[in-house]
Amino acid sequence: MKCVKVPLKQLNDTRIKLMENGQMNMEYRIKAEDEFGYIPVNEDVNDYELVDIELEPMKKVAHNFSELLEGELSNDEIENLRTSFDTIGDIVILEIPDDLQSKKQIIGDAALKFTKRKAIYMKKSAIKGTIRIRDLEFLSGTDDSVTIHKEHGARLKLDVREVYFSPRLATERKRVMESVKEGEKILDMFCGIGPFPIVIARNKNVDITAVDINEPAINYLNENIRMNKLKGTITTYCGDVREVSAGFKTKFDRIIMNLPGLAYTFLDVAVDLIEDNGIINYYEFSDSYEQGIKRLNDACKQAGKEVEIINCRKVKSTSPGEWHVAIDGKVIKKNS
Ligand SMILES: C[S@@+](CC[C@H](N)C(=O)[O-])C[C@H]1O[C@@H](n2cnc3c(N)ncnc32)[C@H](O)[C@@H]1O
């Protein structure tokens with residue numbers, strides 16, 4: 001079998017180049033040995049050392065993810081993997097359980113072939129820390145973690161290694177956007193790369209203030225503002241919202257609080273900054289709505305206000321029995 005011989009370090013880049021040029025022979029498996037890798041080719045390729053060695057044939061040309069992993073994983077394992085896919089622009093992030101770690105490369109390559117995206121990354125940790133990002137391990141394709149994700153017509157640029165972003169919140173963002181009235185003054189206290197502000201300001205003539213403590217996230221939001229045609233305006237601030245907002249001279253008709261693990265600790269700030277009859281879109285992780293409703297109630301009571309709960313919903317499941325829940329509350333001054 002005619003193969004290109006390359007040092008192992010160059011195997012992935014060479015493979016991608018040969019695939020892109022249509023020169024790779026997809027009917028045989030790539031072989032990796034101590035120092036060199038061997039990529040089957042179907043023609044003479046300039047600029048590379050060509051050798052003739054035996055390679056294992058692919059069983060058959062696979063068309064879908066299950067076929068690509070047939071014989072390697074059980075049907076249940078394949079189905080579980082498939083539901084773990086998060087596609088962000090031309091990047092796929094997947095979760096590989098501990099007992100399949102020895103097959104992560106085969107899975108990554110299959111996901112690349114199946115999704116035809118630029119890169120496949122594997123989750124290496126939970127989302128953690130103040131800036132809510134996770135460790136990722138590159139598995140297959142091209143190791144470039146910057147991408148542009150399209151959501152409801154918006155273009156959102158981000159680096160999956162540096163900022164928080166979840167495509168699974170798209171329906172929630174659309175729902176919030178649809179409930180926004182023209183002319184609203186909105187504060188997004190934990191805006192990240194700005195999916196709420198961008199989706200809302202593309203559709204509504206509103207005035208949005210967006211804050212995040214993660215500098216790369218604010219830099220991407222500033223780029224996203226330039227990249228999208230907006231009806232409304234977005235002003236960005238980088239820093240801790242408790243400190244940054246101390247300088248705000250205005251109150252807001254709506255405050256978005258999507259930091260579900262800790263948003264409750266900022267409710268005093270939100271309740272102080274909300275206009276009379278303004279809406280707080282509050283989020284938390286919980287197995288019910290009661291805890292969040294109580295927290296909203298308590299924060300309002302402390303400030304001499306009342307809250308009328310307008311809507312509660314489950315945004316997404318986070319673990320068995322626990323949800324990322326949304327609670328919309330209208331804040332009213334007592335006796336007003
Ligand atoms: C769960 S992410 C949500 C991002 C965005 N709203 C979205 O839907 O993609 C929470 C964000 O809050 C930011 N953050 C955490 N603590 C903060 C603070 N004290 N002040 C401002 N931003 C904060 C993090 O950097 C992160 O980008």
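This is a predicted model: local features need pLDDT of at least 70, side-chain atom pairs count only at pLDDT 80 or more; totals for chains, interfaces and linings use all residues.

Q: Which residues of H7 are buried?

A: Here's the general idea: an α-helix has 3.6 residues a turn, so residues three or four places apart point the same way. In H7, the buried ones are Ala217, Ile218, Tyr220, Leu221 and Asn224. Looking down the axis of H7, you'd find them within an arc of 160 degrees, so they line one face of the helix.

Q: And what covers the buried residues of H7?

A: The cover includes helix H6 (195–203), along with strands E10, E12 (207–212) and E13 (233–238).

Q: How do I read a sheet?

A: Strands of a sheet pair through backbone hydrogen bonds, either parallel or antiparallel. Here, four strands make an open sheet with antiparallel pairing, in the order E2-E3-E1-E4. Strands E2 (31–32) and E4 (49–52) stand at the edges with a single partner strand each, so one side of each has no neighbour in the sheet. E2 pairs with strand E3 (residues 36–40) over two bridges, and Lys31 has Tyr38 in E3 as its bridge partner.

Q: Is Gly153 buried or exposed?

A: Gly153 counts as exposed because it has 11 C-beta neighbours inside 10 Å. You'll find Gly153 in the loop between strand E9 (146–151) and strand E10 (154–159). Gly153 and Val199 are 46 residues apart in sequence, with their C-alpha atoms 8.0 Å apart in space.

Technical notes
Residues are numbered from 1 along each chain as its sequence is written. Two strands pair if DSSP finds at least two bridges between them. A residue is buried if 20 or more other C-beta atoms lie within 10 Å of its own, exposed if 12 or fewer, and partly exposed in between; C-beta atoms are placed from the backbone. The arc is that of the directions from the helix axis to the C-beta atoms. Two residues are in contact if their C-beta atoms, placed from the backbone, lie within 7 Å.
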